[in-house]
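Biologist: Can you walk me through a few spots in this model? I'll ask, you answer.

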Amino acid sequence: MQSPLKAADRDPEPPATAAIRGPLVVHGAGGHGRVVAEAARLAGFDVLGFLDDGGSGDWAHAGDLPPGAAVHVAIGDGRARERCLERHLAAGRHPATVVHPRAAVSPSATLGRNVFVGPLAVVGVGTRLRDGVILNSGSILEHGSSAGTFAHLAPGAITGGGVSLGRRCLVGLGARVLPGMRIGAGATIGAGSIVLRGVADGETVAGVVR
């Protein structure tokens, strides 16, 4: 049976951001989870607590979550984030997108489900963020760019306009990606890199990438 997440990933247009303000459980009690929880509270969510499979949260099992609460999967690893979101979708739980009130998101941008946009991050005109994308503190996805499912911009990472970020790629701390570049699925760009060319699927690069 086709999972609801994979079907959505094939959709050429991600769903518009839902204006959800209500009870929220953050899945993941680590550092990123704490960042998401704080942003969610500032954005007006009623954060009920943390779900964490390792037992460090308020709930260890998803089946024990309060009925009707939305969920945000706040796990840095893209594959783990995807697996957990698929389970929540299959169980009928609503995945919430969380945008810090000090982020700048263009009204023409589209954000999928379970997206996180951190403080001082910028989502430019006409950008598209698919399900599970993370834009960490101070990162910038410029005009006309797109981020595939579970892509991750680390703090301070910046892209020029018209950049395509593939599924589950990682753009490291403070990295710079020139306009129009394609970053392949599963690619990793090291911290502080300057990317002057496209990066292939699964490729790991660092430094000045020519």
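**A few spots in the model**

Modeller: Gly 76 is partly exposed, with a relative accessible area of 35%; partly exposed sits between buried (under 20%) and exposed (over 50%), using a 1.4 Å probe and protein chains only. Before we go on: this is a predicted model, where local features need pLDDT of at least 70, side-chain atom pairs count only at pLDDT 80 or more, and totals for chains, interfaces and linings use all residues. Residues are numbered from 1 along each chain as its sequence is written, and side-chain values use heavy atoms, leaving out hydrogens and water.

Biologist: Where is Gly 76 placed?

Modeller: UniProt lists Gly 76 under "binding site" in an unreviewed entry, and such annotations may be inferred rather than shown by experiment. Helices (at least four residues) and strands (at least two) are DSSP runs, numbered from the N terminus. Gly 76 falls in the loop between strand E3 (70-73) and helix H3 (78-90).

Biologist: Which residues is Gly 76 in contact with, leaving aside neighbours within four places in sequence?

Modeller: Contact here means heavy atoms within 4.5 Å. With those neighbours left aside, the partners of Gly 76 are Arg 81 and His 152.

Biologist: Is Arg 128 buried, partly exposed or exposed?

Modeller: Arg 128 lies in strand E9 (residues 128-129). Its C-alpha is separated by 30 Å from that of Ala 62, 66 residues apart along the chain. At 27% relative accessibility, Arg 128 counts as partly exposed.

Biologist: What is the relative accessible area of Val 208?

Modeller: Val 208 is found in strand E22 (residues 208-209). The residue is partly exposed, and the value is 49%.
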